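Work through the exercises below with the sequence and the model in view. Each task is followed by a solution in steps.

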Amino acid sequence: RGDLYGIVRLKKSTAVELSAKGEMYAFFTPLALLRIPATHEEYISGLCSQSRNKIKKSEHYEYEFSEFNWNDHLDEIYQINTSKEIRQGEYMRGWYREPVLERDPSEEELQYYKYYGAFKGGILVAYLHFWKCGQFAVTKHVIGHADHLRYGIMNGLIAWTVQKCILQPD
C-alpha cells in the first residue's frame, strides 16, 4: 500500500536503560512508518474490511475513547497489563507484572506525552501511550484488557488516535 513509507529493522540489541532498577527496553523488528492521511474518512477507506468492521464493533458496543491522566487510572492500567499472561507469543514481564506507579512528568514532557484510552462504563479497558513531536509520534504502549479485545477496542482506539492526530497535527 502507498500508506506505508517503509519499515525500519532494529536488532534486539538496540536497547535503552529506562529505570533505576536497570530494566532494559528494546524495540524489535519491524517498526513501521505510516502516513497519516489528510482526513479520517481517507484513513478509514484505506483499511481492510476486517479492520473497519472491528472499529464499527467497538462503536456498536458503546466504547468511548478519550485522552486520560495516567495517575487517575493506575489500578485499571495494572488490570489491563495483567489480564493476559502471554501477548504476541511472549510472556508478559517487567513492569507489566508489577503495580503501576504514578508518573510525575515535567511541564516540557507534558507537551509531548499523550495517553489515550478506551473506556467502557467509565472504566479504562485499553490504552495507548505515545510521544508526539510535530508530525511524528512514537508509540510506547498499546495494550487492551483481554476481556474486551473481541469487541474491536484496539482498532477503535487506533482509529480514534489517528483522528485526533489529523485534527491536532502539531
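A salt bridge is a side-chain nitrogen of Lys or Arg within 4 Å of a carboxyl oxygen of Asp or Glu. The model is predicted, so local features need pLDDT of at least 70 and side-chain atom pairs count only at pLDDT 80 or more, while totals for chains, interfaces and linings use all residues. Residues are numbered from 1 along each chain as its sequence is written, and side-chain values use heavy atoms, with hydrogens and water left out.

**Exercise 1.** Find how many salt bridges the whole structure holds, and state whether E90 is buried, partly exposed or exposed.

Step 1. A search of the whole structure gives one salt bridge.
Step 2. The side chains of E90 and R93 form a salt bridge, with 3.3 Å from N to O.
Step 3. Buried means under 20% relative accessible area, exposed over 50%, and partly exposed in between (1.4 Å probe, protein chains only). E90, at 38% relative accessibility, is therefore partly exposed. R93 has 53% and counts as exposed.

**Exercise 2.** Describe the geometry of the ring pair F68 and Y115, and say which parts of the chain it ties together.

Step 1. Rings of Phe, Tyr and Trp (its six-membered ring) pair if their centres lie within 6.5 Å; planes under 30 degrees apart count as stacked, over 60 as edge-to-face and the rest as tilted. There are eleven aromatic pairs in the structure.
Step 2. For F68 and Y115 the ring centres are 6.0 Å apart and the planes stand at 50°, so this pair is tilted.
Step 3. Helices (H or I, at least four residues) and strands (E, at least two) are DSSP runs, numbered from the N terminus. F68 lies in the loop between β5 (64–67) and α3 (74–81), and Y115 in strand β8 (residues 113–120), so the pair joins parts 47 residues apart in sequence.
Step 4. F68 and Y115 are both buried; the relative accessible area of Y115 is 8%.
Step 5. Y115 also pairs with Y113, edge-to-face, at 6.4 Å centre to centre and 75° between the planes.
Step 6. Ring pairs link F68, W70, W95, Y96, Y113, Y115, F119 and Y127 into a cluster.

**Exercise 3.** Which charged residue sits over the ring of W95, and which lies over the face of Y63?

Step 1. A charge sits over a ring if NZ of Lys or CZ of Arg is within 6 Å of the ring centre and within 35 degrees of the ring normal.
Step 2. Over W95 it is the charged end of R103, 5.9 Å from the ring centre.
Step 3. Over Y63 it is K120, at 5.0 Å from the ring centre.

**Exercise 4.** Characterise helix α2 (residues 49–60) by its span, its buried residues and its exposed face.

Step 1. The expected span of a helix is 1.5 Å times one less than its number of residues. With twelve residues, α2 reaches 16 Å from its first C-alpha to its last, close to the 16 Å expected.
Step 2. S51, I55 and S58 are buried in α2. Seen down the axis, the buried residues fall within an arc of 60°, so they line one face of the helix; the arc is that of the directions from the helix axis to the C-beta atoms.
Step 3. The face turned away from the buried side carries the exposed residues Q50, K56 and H60.
Step 4. Contact means heavy atoms within 4.5 Å. The cover of the buried residues includes α1 (40–45), β5 and α5.
Step 5. S58 has a relative accessible area of 0%. Leaving aside neighbours within four places in sequence, S58 is in contact with Y63, F65, Y151, G152, I153 and G156.
Step 6. Just after α2, E62 takes a positive phi of about 60°.
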